[in-house]
Amino acid sequence: MDFSVTQYSKFMTLLDMLLHNLRTLHMSLEDSIKWLGEVMAEIGPPHSQKNEEWSFFNIKQANAIIDYLKISLFQHYKLYEFLFYSTREEIVIGTEQMIEVVKPSGGLLPDPLEEGISFDIYSTFIEPPPTLDAEVKGLDPEQVPEEFQSEANISDADPLVGFTIEDIKSVLGQVTDDILIGIQTEINEKLQIQEEAFNARIEKLKKA
């Protein structure tokens, strides 16, 4: 519309005041239209020589401003009302979480991860209790009874001593065969049940 600097200033002030009336004063659509008419009567085309010095827009420019406000603000007035003073659900984009840090125990097993489990669960179900062997290791050999020494020696011995590789393969083969035979038997039973069910359905269809 080739507005001058003063006309631009008045237009932006008019638009800001309309949004202010809507956002702060909760002015209705009818009241905003009346307020715009009163303001345009002062800064719009002059109707007499009295307000000629306060007029900043001619008839064409005033009609263009009214048309713009009609299709931008007034046509979407309900949307602006919802935008300015309607409560909306707050979106949570982050949370805080307290992590319990496990103190170093100095044991044989590594400490649990800080983001893993709590110390109570770890100490109750995962961390093994001190055994008798650990207590015996802390004593002098002279203070340990002979029966504990013999049990410790037996536990340290390799349980596979005396067996050859062929013996181990034979045992593993027997275990594997037993497992496969059990699985095969179970599969055959299920197939037989399904075959009997299908045969019964076929007989019913033949009779029908």
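Tutor: Helix H1 passes helix H4 in a right-handed crossing, a term for the near helix being turned clockwise from the far one by less than a right angle. The axes of H1 (residues 5-23) and H4 (residues 77-85) come within 9 Å and cross at roughly 65°; axes are lines fitted to C-alpha atoms over the stretch in contact, with angles from 0 to 180 degrees between N-to-C directions. Helices are DSSP runs (H or I, at least four residues), numbered from the N terminus.

This is a predicted model, in which local features need pLDDT of at least 70, side-chain atom pairs count only at pLDDT 80 or more, and totals for chains, interfaces and linings use all residues. Residues are numbered from 1 along each chain as its sequence is written, and side-chain values use heavy atoms, without hydrogens or water.

In H1, Leu19, Leu22 and Arg23 meet Tyr77, Tyr80, Glu81, Phe84 and Tyr85 of H4, where contact means heavy atoms within 4.5 Å. By class, this contact has six nonpolar, no polar and two charged residues; Tyr, Leu and Phe count among the nonpolar, Arg and Glu among the charged.

Of its 18 residues, Leu14, Ile65 and Leu69 touch the most other members. Leu69 touches Leu14, Leu15, Leu18, Leu36 and Phe74, leaving aside residues up to four places away in sequence.

Methods:
Helix = DSSP H or I, 4+ residues; strand = E, 2+ residues; numbered from the N terminus. Core = buried A, V, L, I, M, F, W, Y, C linked by side-chain atoms within 4.5 Å. Buried < 20%, exposed > 50% of the residue type's maximum accessible area, 1.4 Å probe, protein only.
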